[in-house]
Amino acid sequence: CVSAPQESFWIDVRTVEEYNADHIDGDANVPLATIDPEALAAMYGKDAQINLYCRSGNRAGQAKTILEAAGFTNVVNAGGIGDAREVRNIAQSSAAQ
């Protein structure tokens, strides 16, 4: 088994409305209410690093529990969207365009 470099995925589990008001370009929006572990497993695999965030970290924590219960092995609760920006050094862009 050859080990490829681990890719890291970022998923915003806030509602579509929250995502549309402010989001990080390139990150998937999978609202907590619609999270489908099998669909995510098909997209990313259960061993990929999946970083979850929301507004404060609460819904990301719930999503982490759901994914881990489904067999995901490398799920991170990255906290709120501000934390996700900070850890990745991303400046907030204006939501109004």
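This is a predicted model: local features need pLDDT of at least 70, side-chain atom pairs count only at pLDDT 80 or more; totals for chains, interfaces and linings use all residues.
Residues are numbered from 1 along each chain as its sequence is written, and side-chain values use heavy atoms, with hydrogens and water left out.

**The whole chain**

Begin with a cartoon view, where the secondary structure comes to four helices and four strands; these are DSSP runs numbered from the N terminus, helices being H or I with at least four residues and strands E with at least two. Followed along the sequence, the pattern is β-α-β-α-β-α-β-α. Of the 97 residues, 38% are buried, where buried means under 20% relative accessible area, exposed over 50% and partly exposed in between, with a 1.4 Å probe and protein chains only.

Select the four strands next, which form an open sheet in the order S2-S1-S3-S4 with parallel pairing; two strands pair if DSSP finds at least two bridges between them. Strand S2 (28–29) and strand S4 (75–80) stand at the edges with a single partner strand each, so one side of each has no neighbour in the sheet. S3 and S4 pair in the parallel sense over four bridges, and Leu52 stands opposite Asn77 in S4.

**The aromatic pairs**

Show the aromatic side chains, among which there are two aromatic pairs; rings of Phe, Tyr and Trp (its six-membered ring) pair if their centres lie within 6.5 Å, and planes under 30 degrees apart count as stacked, over 60 as edge-to-face and the rest as tilted. Phe9 and Tyr44 form a tilted pair, with 4.4 Å centre to centre and 40° between the planes. Phe9 lies in strand S1 (residues 8–12) and Tyr44 in helix H2 (residues 37–44), so this pair ties together parts that are 35 residues apart in sequence. Tyr44 is buried, at a relative accessible area of 18%.

Move on to Trp10 and Tyr53, whose ring centres are 6.3 Å apart with planes at 55°, so this pair is tilted. Because Trp10 lies in strand S1 and Tyr53 in strand S3 (residues 49–54), the pair ties together parts that are 43 residues apart in sequence. Both Trp10 and Tyr53 are buried.

Keep Trp10 in view and select Arg88, which lies over the face of Trp10 at 4.1 Å from the ring centre; a charge sits over a ring if NZ of Lys or CZ of Arg is within 6 Å of the ring centre and within 35 degrees of the ring normal.

Then select Asp27, found in the loop between helix H1 (16–21) and S2, which counts as buried at 7% relative accessibility. The side chain of Asp27 makes a polar contact with the side chain of Arg88 (2.9 Å); a polar contact is a pair of N or O atoms within 3.5 Å, where within protein one must be able to donate a hydrogen and the other to accept it, and residues adjacent in sequence count only if both atoms are side-chain atoms. Leaving aside residues up to four places away in sequence, Asp27 touches Trp10, Tyr19, Tyr53 and Arg88, contact meaning heavy atoms within 4.5 Å.
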